[in-house]
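My notes follow the model.

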Amino acid sequence: MHLYQDPHDEDVRLFLHYGDLTSSSLLARLITKIEPSEVYNLAAQSHVRVSFDIPEYTGDVVGLGTTRLLEAIREAAVPCRFYQASSSEMFGASSPPQSETTPFQPRSPYAIAKLYAHWTTVNYRESYGLHASTGILFNHESPRRGETFVTRKVAMAIPRILHGTQDFLYLGNLEARRDWGHARDYMKAVVKIVRHGTADDWVIGTGEDHSVLEFVEGAFTLVGLDWEKYVRVDPRYFRPVDIDVLRADASKARTELGWVPEVGFQALLHEMVEAEMRQSGLSLVTGMSAREDRTP
Ligand code: GDD
């Protein structure tokens with residue numbers, strides 16, 4: 001809501017238009033009408049586990065959707081810059097640390113679709129001279145994270161457990177290691193990428209990896225809860241195949257874009273848990289004192 005401005009204020013206005021990445025004609029109409037100077041393609045069916053259930057739809061929206069958008073820009077001949085949200089998922093089975101020169105070995109329908117979109121963006125840059133860049137972003141989180149992604153799911157469970165409305169937190173693979181950063185830092189990198197003189201591909205991550213278990217332990221410890229009493233492994237959350245470790249080597253972005261992440265792992269999980277506690281009328285301190293009463 002803070003983005004919305006009074007319609008009578010001429011300076012900044014937020015307009016929303018309906019669109020769909022599965023409709024070429026709609027995208028073409030929107031690009032022609034809006035004449036944007038920058039296009040950020042952040043749209044996706046972005047859940048990796050879900051992509052195993054709906055691989056065709058994921059490929060359509062994530063992969064072909066990018067082609068449709070780039071075609072709409074090319075056809076309209078609008079001189080805009082383009083950003084493609086590529087993903088560290090594309091590295092898949094490749095050993096960390098992963099940089100722009102690491103080979104891609106995708107392990108999910110989502111990652112395969114992202115790779116299609118990634119190479120399509122590179123191809124439009126090379127073929128048509130479009131200022132089209134990709135940001136290969138590692139996991140980026142915040143209190144606004146979707147509720148089915150692991151960090152938010154963990155953070156949301158904590159006040160519910162304290163309130164007694166949830167007995168257990170059911171999770172899948174606790175061993176997976178991810179390079180978790182703060183979305184705010186990563187969006188600053190994205191703007192730098194688009195405003196950079198030359199279109200290119202950029203890895204964005206903190207350079208540190210932590211396991212899902214470390215996130216769980218850290219989050220529960222913040223409110224004085226013993227995670228082992230409340231966390232259960234449910235194999236239904238396992239993926240047919242998962243990625244063991246993602247850890248970025250973002251030295252190119254550091255050197256050439258001057259981008260440095262400001263929020264570390266501990267500060268990130270603190271912010272996420274605190275936000276959920278506040279939302280539920282609790283604080284980290286009241287959580288600590290309420291813990292004694294919670295025995296599942
Ligand atoms: N979602 C989820 N739910 N993941 C779980 C759970 C659970 O209950 N339990 C364990 N995990 C593990 C997953 O198996 C995975 O190894 C890790 O937690 C992180 O899962 P997600 O939070 O779903 O994120 P992701 O790494 O699969 O993908 C995210 O990051 C990518 C960038 O690398 C998404 O945002 C992608 O869209 C993004 O491209």
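Where is the place of Tyr 57? I found Tyr 57 in helix α3, residues 55-76; helices here are DSSP runs of H or I with at least four residues, strands are E runs of at least two, and both are numbered from the N terminus.

Ground rules: this is a predicted model, where local features need pLDDT of at least 70, side-chain atom pairs count only at pLDDT 80 or more, and totals for chains, interfaces and linings use all residues. Residues are numbered from 1 along each chain as its sequence is written, and side-chain values use heavy atoms, with hydrogens and water left out.

Surface. Tyr 57 is partly exposed at 44% relative accessible area (buried is under 20%, exposed over 50%, partly exposed in between, with a 1.4 Å probe and protein chains only). With Val 50 and Ile 54, Tyr 57 forms a nonpolar patch of about 240 Å² accessible area together. A patch takes residues with over 30% relative accessible area and no salt bridge, nonpolar side chains being joined within 5 Å and like charges within 9 Å.

Salt bridges. I looked up the count and got 16, each a side-chain nitrogen of Lys or Arg within 4 Å of a carboxyl oxygen of Asp or Glu. Asp 53 and Arg 49 pair at 3.4 Å, N to O, and both sit in helix α2, 4 residues apart, about one turn. Asp 53 is exposed at 54%, while Arg 49 is partly exposed at 21%.

Arg 125 bridges to Asp 201 at 2.9 Å between the closest N and O atoms. Arg 125 is in α4 and Asp 201 in strand β8, so this pair ties together parts 76 residues apart in sequence. Both Arg 125 and Asp 201 are buried.

Core. The largest nonpolar core has 30 residues, and Val 154, Val 273 and Met 277 are among those with the most contacts inside it. I take a core as buried Ala, Val, Leu, Ile, Met, Phe, Trp, Tyr and Cys residues joined through side-chain atoms within 4.5 Å. Elements giving it two or more residues include α5, α7 and α10. A second, separate core of 23 residues includes Phe 138 and Leu 246.

Leaving aside neighbours within four places in sequence, the contacts of Asn 139 (heavy atoms within 4.5 Å) include Ser 88, Trp 180 and Leu 246.

Technical notes
Accessible areas come from the Shrake-Rupley method with a 1.4 Å probe; for residues, only the protein chains shown count as cover.
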